[in-house]
Each structure stands twice: as C-alpha cells, then as structure tokens.
Amino acid sequence: MNARQRPLESVRVLLVEDKPMVREVLERLLAGSGGHVTAVAGAAEALEAMRWARADVLISGITMPEEDGCWLIRKIRMLPSNRGGSIPAVCLTGRNAPGDEARVLRAGFQRFLAKPVDARRLVTMVADLA
C-alpha cells in the first residue's frame with residue numbers, strides 16, 4: 001500500500017472512547033489506515049496510557065461516565081510537553097449544540113468532529129495533526 005492508502009502509517013494514536021462498539025470500529029478504521037492505536041475506555045486510563053503510549057495524536061470522546069473529555073484534555077495540557085502536554089487532540093461528540101465546538105476548543109482540543117464520524121474526514125484530520 002502506498003501513503004495515500006495508509007495515510008496514518010506509523011502515526012501513534014491514543015483513542016479514548018467509553019462505548020466498546022464505537023471504540024472497536026474507530027480502532028479498526030485507524031489501524032486500517034496505518035495507525036498504531038492504543039484504545040482505552042476512559043479519562044483515567046488515558047492519563048495512565050499517556051505515561052507509556054507516546055502517542056502522536058489524541059482522539060477522545062467528550063461524554064464519558066466519570067470524567068469527561070474536557071476534564072481529560074485540561075489534565076493533559078497541564079503535563080510538560082515531553083510527557084504529552086502538547087499532544088494534538090481531536091474531540092469526538094454525539095452532541096453538536098451551539099457553543100459545543102467553542103467549549104471544547106477552549107478546553108484544549110485542536111479539532112472537533114460530531115458523530116456519526118465521517119471516516120475519511122477523521123483519518124485526514126489525524127494525519128494533518130500528526
């Protein structure tokens with residue numbers, strides 16, 4: 001496969017999604033595009049994974065049962081850069097109410113993508129951020 005078919009070749013992605021089916025679909029999509037994916041179910045797991053995963057891009061759902069994606073990205077932004085504090089981040093959300101995008105961008109995400117996710121758009125977004 002060429003770079004066009006595998007635009008995420010060697011990109012390390014930390015995926016945070018609490019819904020198992022959605023997490024599995026996104027993990028397959030990203031891996032099928034060449035990405036090396038570490039997938040976790042929540043914010044606490046994501047913070048732990050930041051210690052060893054050395055991800056290039058973070059993709060996180062916004063609504064999660066315990067701590068939400070905005071809490072997570074604020075915690076990550078408090079980390080030093082060499083520990084992932086400046087990792088580029090995409091927020092995935094099932095909500096798309098007025099003000100949602102501005103709120104997550106202010107929290108520290110670089111991109112906002114409403115569900116259902118357009119696969120091509122997500123892969124392009126991740127490749128651009130990496």
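**Terms and their grounds**

Modeller: The buried residues of H1 pack against strand S1 (12-16), strand S2 (36-40), strand S3 (57-61), strand S4 (89-93) and H5. The model is predicted, so local features need pLDDT of at least 70 and side-chain atom pairs pLDDT 80 or more, whereas totals for chains, interfaces and linings use all residues. Residues are numbered from 1 along each chain as its sequence is written, and side-chain values use heavy atoms, with hydrogens and water left out.

Colleague: Which residues of H1 are buried, and what puts them on the same side of H1?
Modeller: Arg23, Leu26 and Leu30 of H1 are buried, that is, under 20% relative accessible area, where exposed is over 50% and partly exposed lies in between (1.4 Å probe, protein chains only). They cover an arc of only 70° around the axis, and therefore lie on the same side of H1; the arc is taken from the directions from the helix axis to the C-beta atoms. The face turned away from the buried side of H1 carries the exposed residues Pro20, Met21, Val25 and Arg28.

Colleague: How do you know that the span of H1 is close to the one expected?
Modeller: The expected span is 1.5 Å times one less than the number of residues. Helix H1 (residues 20-32) has 13 residues and reaches 18 Å from its first C-alpha to its last, close to the expected 18 Å.

Colleague: Why is Pro116 called exposed, and Ala127 partly exposed?
Modeller: Pro116 has 78% relative accessibility and therefore counts as exposed. It is placed in the loop between strand S5 (111-114) and helix H5 (119-129). Ala127, in helix H5, has 27% relative accessibility and so counts as partly exposed.

Conventions: Helices (H or I, at least four residues) and strands (E, at least two) are DSSP runs, numbered from the N terminus. Contact means heavy atoms within 4.5 Å.
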